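I am opening a notebook page on a structure that is new to me, and I mean to write down what I look up as I go.

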Amino acid sequence: MPIDFTLSPETEAIRQKVRTFIQETVLPEVRTFDDEEKVTTRDEYLRTIFALRQKAKDEGLWLPHMPKEWGGMGLGHVDLAMVQSEAAKTRLGPWI
């Protein structure tokens, strides 16, 4: 019997929301950090991370691994794996 790897509609919605956030919000902000011609200070780097974290909070994407009662998303292991796989498409995604 084959294993069904189809995601539930709820898990797919979470995955897509994170993918959109990473592509439309995070990547445009962090691309400049990869430009060797542009010098980025530590303060600028941290300000960008903290601003993006606030945007993640505003989008309801904050602390996917923490229980809801502690301010997180309260995701299970499959949902969390989908969040991490999308966040990891940029080096700062998991930090944000």
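In which helix does Pro28 lie? I looked it up in this model, which is a predicted one, and found Pro28 in helix α1. I then checked its surroundings: Pro28 is partly exposed, with a relative accessible area of 43%, and, setting aside residues up to four places away in sequence, Pro28 touches Ile22 and Gln23. I also took the separation of the C-alpha atoms of Pro28 and Pro9, which is 28 Å for two residues 19 apart along the chain.

Next I turned to the salt bridges, of which I count four. I note as background that side chains of opposite charge can pair when their charged atoms come close. Arg15 pairs with Glu12, with the closest N and O atoms 2.4 Å apart, and because these two residues are three apart in helix α1, about one helical turn separates them. Arg15 is buried at 12% relative accessible area, whereas Glu12, at 29%, is partly exposed.

I then looked at the largest pocket, which holds about 260 Å³ of space. Of its 17 lining residues, the closest to the centre are Leu61, Pro64, Gly93, Pro94 and Ile96. Helices α1 (9-30) and α3 (77-87) each supply at least two residues of this lining, and the largest share, four residues, comes from α3. By type, the lining divides into 14 nonpolar residues, three polar and no charged.

Last, I compared two further positions. Is Thr48 buried or exposed? Thr48, which has its place in helix α2 (residues 42-58), counts as buried at 13% relative accessibility, and beyond its sequence neighbours up to four places away it touches Glu29 and Phe33. Lys68, in the loop between α2 and α3, counts as exposed at 61%.

Methods
Residues numbered from 1 in each chain as written. Predicted model: local features only at pLDDT ≥ 70, side-chain atom pairs only at ≥ 80, totals over all residues. Heavy atoms only, no water. 1 Å grid on protein atoms, 1.4 Å probe; cavity = no way out; pocket = protein on both sides within 12 Å on 5 of 7 lines; lining within 4 Å. Points joined across faces, edges and corners; volume = space filled by probe spheres on them. Nonpolar A, V, L, I, M, F, W, Y, C, P; charged D, E, K, R; others polar. Buried < 20%, exposed > 50% of the residue type's maximum accessible area, 1.4 Å probe, protein only. Contact = heavy atoms within 4.5 Å. Salt bridge = Lys/Arg side-chain N within 4 Å of Asp/Glu carboxyl O.
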